Amino acid sequence: MKSQQTQGWQAKDHAHHLHPFTDPKALKQAGGRVITRADGVYIWDSQGNQILDGMAGLWCVNMGYGLRSIADVAAHQLLELPYYNSFFQCSHPPAIELAAEIAALAPPHMNKVFFTGSGSEANDTNLRLVRHYWDIQGKPEKKTIISRHNAYHGSTVAGASLGGMSGMHAQGDLPIPGIVHIAQPYWYGEGQGLSAEEFGIRCARELESKILELGEDKVAAFIAEPIQGAGGVIVPPDSYWPEIKKILAKYDILFILDEVITGFGRTGCYFAAEYYDLEPDLITIAKGMTSGYAPMGGVIVSDKVADALDKGGEFAHGYTYSGHPLSAAVALENLRLMKQQNIVAKVAEETAPYLQQRLRQVLAQHPLVGEVRGVGMVAALELVADKASHQRFAAELGVGTQCREHSIASGLVMRAVGDTMIIAPPLVITQDQIDELVTKAKQALDMTY
Ligand code: PLP
């Protein structure tokens, strides 16, 4: 039985609140869940149900909920300096200190940060930055950005165009000109007949074919997530990134690594650039930089790009909330806590190997699970109708959605991307809580089967 308060909230929500990535009719039928509070790795809904947040919000609450010191820092900053911009020869201590802190954590050749309010805005910034860079180099015809099918780079017009989600493209006459897409390295779904290694090489070589087809003199950049997150946790075969690296070294184009999900520890390194031994020119960041306690994104800029910008005059781009003092102060405290708790090493050495091992041991044999994949604190269970042929269920059966609902009923948030169940818990999850997560995920799969 729903409480009167829950019913009242749901009615008001349907009447006035347009939700992102939501079918309003389906939401009205389902009623919607109202989340009222959170602590550690748990959230509570308005009915008092305690739910383990296996998605860290939207892959962002890396340090977990209810952190008093972040709240204290935020309150102090709001009284000290709630807002000032970093336009027009101004700056402020939180943005200055945060830029220096992120530069210290980033790969050694990257020492400057451009702040934004979100990951989408950061990728818009990237699009403008790379074109500005080539203008400064006297090569204004280098404009095209190569991305990948099924990538997610945000929801603004540029972000959705850089992304490779066909459903998003269909709704906005996207992509905008100057953005093209190549294959994603999705071996389980698209690599039949090839070994994972062969498939990885084949996908990577599409980058070279595309550069040659368009002409190196027309290509500005290649953008990619180290592991495609919203596309279904597509972990590339081991051969993929080394081959991409070779191709990037051959051609004069910039490399944008979108680490909105992977940045700040999720792979067990501060950045997946380190995990995969990559040397990007630009890294997109957001989410984990504040653990979701305040909205913030940014672009980490390599010395090569920053040196060029020094010669280019004004970069005519920025946001009112670039480097917002509240978000920057929150991010600084979040990063301080990460260091104090040595969380990245703990993820790499203890909790992530345990999560990946338990998911495979307990769930890989389940009749619905075609593949368990993942790296660090991000994983996916791909549900299939036939394990041998990798055949999927008909979309209208909504198997993933059913599994998500059973999961919630079992007290666990998993996200469904089609029939792929995604798990990306807070980095602070303990081994006991991982056991709880795996038990509840199995319960949800059993209820779905
Ligand atoms: N890039 C990636 C890889 C993402 O996963 C996301 C969000 O999920 C974005 C960009 C967009 O970030 P935001 O939602 O903060 O605009």
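Predicted model: local features only at pLDDT ≥ 70, side-chain atom pairs only at ≥ 80, totals over all residues.
1. Ala38 belongs to strand S1, which spans residues 35-39; strands here are DSSP runs of E with at least two residues, helices are runs of H or I with at least four, and both are numbered from the N terminus. Ala38 is partly exposed, with a relative accessible area of 27%, where partly exposed covers the range between buried (under 20%) and exposed (over 50%), computed with a 1.4 Å probe on protein chains only. Leaving aside neighbours within four places in sequence, Ala38 is in contact with Ile43, Trp44, Tyr65 and Gly66, contact being heavy atoms within 4.5 Å. Between Ala38 and Glu371 there are 31 Å in space, C-alpha to C-alpha, and the two are 333 residues apart in sequence.

2. Residues are numbered from 1 along each chain as its sequence is written, and side-chain values use heavy atoms, with hydrogens and water left out.

3. Strand S7 (residues 219-224) is mostly covered, six of its six residues being buried. S7 runs parallel to strand S5 (residues 144-148), to which three bridges join it, and Phe222 of S7 is the bridge partner of Ile146; two strands pair if DSSP finds at least two bridges between them. S7 also runs parallel to S8, with four bridges joining them, and there Ile223 stands opposite Ile256 of S8.

4. Together with helix H11 (residues 240-250), S7 and S8 make a right-handed β-α-β unit; right-handed means that, with the strands pointing away from the viewer, the path from the first strand over the helix to the second runs clockwise.

5. In helix H13 (residues 303-310) the buried residues are Val305, Ala306 and Ala308. They lie on the same side of H13, because they cover an arc of only 160° around the axis, the arc being that of the directions from the helix axis to the C-beta atoms. The buried residues of H13 pack against strand S4 (110-116), helix H6 (119-136) and strands S8 (254-258), S9 (282-285) and S10 (297-302).
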